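Look over the structure first, then read the points below.

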Amino acid sequence: MSLSSASSSLLRACARQQLPTSRAAIASCQQRRGGATASKSSFDSPFTSAKESSNYKVPDFSKYASKKSPRSNQVFSYFMAGSLGLASAVGAKATVQDFLVNMSASADVLAQAKVEIGLGAIPEGKNVIIKWRGKPVFIRHRTQGEIDEANQVDVTSLRDPEADQDRVQKPEWLVMLGVCTHLGCVPIGESGDFGGWFCPCHGSHYDISGRIRKGPAPLNLEVPSYNFPDEDTLIIG
Amino acid sequence: MAGAIASALYQGLFRRNAVFLSTIFASAFAFEIAYDTGSNKIWDTMNRGRQWKDVKHRYTVQEEEDDE
């Protein structure tokens, strides 16, 4: 106990003795440095004394310094940074887009997913059933009387209220998927209580616009996306 | 003169970071369109007469003749 207290007091004394000398050394250092910077040009190293300054002469770079204004140099730097940002943004966008396009369906798949039908071969008042993506598609060339009949129906009284003009692009051509919305049977054309389609599986009756009128089916027959590129061609898909 | 342009650019584009960033994205959009159009044009001139759109009319005319 006494030994340890003696050693600690010795240490403290040492520290107290050392402190003034080191402080003095630092002060002299600073003094020397301050004096040097004051006497020499701004291109000389601040870490040398005046005596040895000739050995540590820093070259004069003023020849290489920009003659332009600081603002124009700043604008140039920002412009380069912005250009890098622009190039990165375009590159990142192109990379992401390439990956996403790669995931979408290719041209041959898209071509197979379409069906083209010549409408000239379908007489008025006749049904045609074609296969599209493994499902039957009904195409009916409706007579004017059938169109009027489809338009006369009070839409609000229907189970799945849908006006006839919302289901067709040209009123004389009714295009819809031949899959009963109840359990997926294929309805029979030109039959049923409403002059449209009749599903034999569970007795759903569809009218001449393919809307559900009677029976268990909850929804109207689905209309695929289609278009008419010219007067007598129909493309489904 | 150059100093005036530089300070106008600085005040207009670089001073506010939001403006700087929006400028970058807007010009990236414009640059992409210009770059795509330009490179497609170069590609088409290098491959003139060899692409489907250049030779399509020959074959479509033939098909119509076959149909008739």
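What percentage of the 237 residues of chain A count as buried? The figure is 16%. Keep in mind that this is a predicted model.

**Chain A**
- Chain A contains five helices and ten strands.
- Take the contacts in chain A with a separation of 6 or more: 44% of them come from residues 24 or more positions apart.

**Chain A against chain B**
- Twelve residues of chain A are in contact with 15 residues of chain B.
- The side of chain A that touches chain B has five nonpolar, five polar and two charged residues.

**The helix pair**
- The crossing of H2(A) past H2(B) is right-handed.
- H2(A) brings A:Gly82, A:Gly85, A:Leu86, A:Ala89, A:Val90 and A:Lys93 to the contact.
- H2(B) brings B:Phe20, B:Thr23, B:Ile24, B:Phe25, B:Ser27, B:Ala28, B:Phe31 and B:Glu32.
- By class, the residues of this contact between H2(A) and H2(B) are eight nonpolar, four polar and two charged.

Key
Residues are numbered from 1 along each chain as its sequence is written. Chains are lettered from A and ligands numbered from 1 in the order in which they are written. This is a predicted model: local features need pLDDT of at least 70, side-chain atom pairs count only at pLDDT 80 or more; totals for chains, interfaces and linings use all residues. A crossing is left-handed if the near helix is turned anticlockwise from the far one by less than a right angle, and right-handed if clockwise. Helices (H or I, at least four residues) and strands (E, at least two) are DSSP runs, numbered from the N terminus. Two residues are in contact if their C-beta atoms, placed from the backbone, lie within 7 Å. Ala, Val, Leu, Ile, Met, Phe, Trp, Tyr, Cys and Pro count as nonpolar, Asp, Glu, Lys and Arg as charged, and the others, Gly among them, as polar. A residue is buried if 20 or more other C-beta atoms lie within 10 Å of its own, exposed if 12 or fewer, and partly exposed in between; C-beta atoms are placed from the backbone.
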